[in-house]
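Trainee: I am new to this structure. Please take a close look at a single part, the place where the two chains meet.

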Amino acid sequence: MPDNNHFEPRIVAFLCNWCTYTGADLAGTSRLQYPPNVRIIRTMCSSSVDPVYVLKPLLDGADGVLIGGCHPGDCHYQTGNYKTRRRYVAMQEILRASGFDPRRVWLRWISASEGQKFADTITDMVASLKEMGPNPMQVAWAI
Amino acid sequence: MIGLFPLKDGDALTAVRSFLQTLLSNDVVDALYVPLESAEGQILPALVTDPARLESANPLAPVMLVNGARAISALTQKKAPARLGAVLRSCETRALVELVKLQQASLEDVLLIGVDCPGTYELADYQAIQKEALFALEDALQAAGRGEQLEGPDLRLACQMCTQPIPEQADIHLHIYGEGLAGGLFVEIGEELAEKLGLTPVLDYQVKKRQQVIEQVLGDKQKLREAEISALQARLGSNGSIAQMFAACLRCHNCMTACPICYCKTCLFRTAAFDHPPEHYLNAAYRKGAIRLLGDTLLFHLTRMNHMAASCVSCGMCSSACPVDIPVGLIFSTIGTQVQAAFGYTPGKDLQEPLPLVTFQANEWNEIGEVK
Ligand code: SF4
Ligand code: SF4
Ligand code: SF4
Ligand code: FES
């Protein structure tokens with residue numbers, strides 16, 4: 001068993017500009033506490049996060065990847081997040097089928113006003129990844 | 001209706017050739033996509049406008065250099081420039097249907113001539129059969145019609161486990177399974193076209209016989225498919241095993257080039273997107289202790305899978321193109337089948353059914369994205 005108490009998971013988060021990124025910003029300006037384990041990348045819409053951007057950090061050894069978007073119905077490009085959702089379903093199938101733990105990839109709908117939800121999401125995700133232990137890809141070199 | 005085209009000299013190939021000639025000479029189509037046999041005995045897909053060239057047509061040779069869907073995509077794009085006939089196998093028509101949905105091909109003004117597919121050999125095996133005269137192709141075809149296979153090399157794995165060898169989309173459908181080809185070439189065809197070609201309906205067509213042969217062939221293939229897929233699933237289930245399976249990958253991208261579904265002209269993996277400054281590789285090596293160079297091999301395969309597995313038609317062209325014998329097709333078919341099942345989608349079946357990653361419903365997977 002890995003020593004999960006001293007293990008600090010690294011999360012890469014792709015957050016849509018209009019909702020989740022603004023929500024994360026709100027969490028910051030409201031001085032909400034959440035673990036510092038996340039590196040945030042801003043995208044215009046959750047649907048612009050091609051699977052390659054999720055797979056690259058996972059295979060390079062990041063412990064988790066978060067995709068954040070507007071709630072269904074609220075996407076600023078109308079239907080982007082509905083497609084994100086389907087792409088996520090496919091990705092989960094593929095990760096599972098090819099022997100990866102699909103629980104390392106999260107999709108969350110978090111609006112611009114849900115700073116608390118963003119902070120809670122990161123807190124939960126860190127806890128869950130600590131339980132899972134480090135991503136085995138951290139030592140896989142022959143890929 | 002079912003029409004009968006008489007065999008000349010009891011030879012199926014000659015009959016098919018003259019049947020195709022009638023399509024050109026009766027002005028049903030202006031050009032025909034069909035494999036021709038070169039003087040050296042190579043079977044090369046071609047676009048034919050001169051009926052005389054069809055003397056060397058050979059759509060029955062059990063070998064497939066490329067999946068013809070790619071060629072029809074190049075030939076039609078948004079719309080065929082002339083009335084085009086295309087002689088295709090089932091996995092080619094299915095891939096074509098996917099390409100039409102991906103807006104990379106059009107079926108407008110295209111007459112699909114489907115042929116029952118008894119399966120194809122790897123090119124090297126096909127050449128060995130020819131060179132060593134292991135059996136006559138005509139005999140192999142007659143045997144295939146009865147649901148049998150002659151002693152010799154195995155078919156390509158994709159064909160051994162192909163559960164859809166009967167083309168479903170065809171406007172004209174040449175039967176191989178069933179009565180065999182002794183009595184002539186049975187052609188499933190619309191009445192108007194039949195009249196144009198002077199085909200009369202066969203009244204005593206042995207539908208039962210055909211169904212029996214197909215059932216038996218499909219049953220065997222289905223069994224093998226299930227066995228191959230569950231063996232692979234068991235292997236893939238253990239952590240890191242997919243990395244091992246692709247460990248010998250040369251990153252040649254042949255699998256992608258041969259795949260009829262992968263059409264992107266600007267594929268990310270053909271750009272400099274993953275060329276990093278030197279320090280980047282060193283940092284990655286510090287992080288992991290060692291990294292493979294060049295890397296991103298698994299990234300390529302998993303990304304490709306995310307992009308196209310929903311449309312994978314299990315044609316196995318990727319495996320045939322792989323120089324290091326990685327069972328790419330089996331891996332993609334297996335995982336592809338799982339992705340397709342998640343969306344209840346069957347690639348190549350229905351032009352009207354939208355691609356699963358392009359469409360959506362507002363009310364579905366509502367639990368995703370919410371806190372559990
Ligand atoms: S995969 Fe099926 S349709 Fe395609 S060549 Fe093989 S047997 Fe024929
Ligand atoms: S991934 Fe392989 S089996 Fe699937 S459609 Fe492409 S070439 Fe055919
Ligand atoms: S064809 Fe084979 S070696 Fe070439 S990229 Fe594909 S899997 Fe790798
Ligand atoms: S703009 Fe936020 S998900 Fe599309």
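Mentor: What follows describes the interface of chain A and chain B. This is a predicted model, in which local features need pLDDT of at least 70 and side-chain atom pairs count only at pLDDT 80 or more, while totals for chains, interfaces and linings use all residues. Residues are numbered from 1 along each chain as its sequence is written, chains are lettered from A and ligands numbered from 1 in the order in which they are written, and side-chain values use heavy atoms, with hydrogens and water left out.

On chain A, 36 residues are in contact with 45 residues of chain B (contact means heavy atoms within 4.5 Å). The size of an interface is often given as the accessible area lost when the parts come together. Here the two chains bury about 3,800 Å² between them, and 62% of that lies on carbon and sulfur atoms (buried area is the accessible area, taken with a 1.4 Å probe, that two parts lose on being put together, summed over both).

Three salt bridges are found across the interface (a side-chain nitrogen of Lys or Arg within 4 Å of a carboxyl oxygen of Asp or Glu). A salt bridge links the side chains of A:Lys56 and B:Asp296, at 3.0 Å from N to O. On the side of chain A that touches chain B, the elements giving two or more residues are α2 (51–60), α3 (80–97) and β4 (105–109) of chain A (helices, H or I, of at least four residues and strands, E, of at least two are DSSP runs, numbered from the N terminus). The largest share, 12 residues, comes from α3(A).
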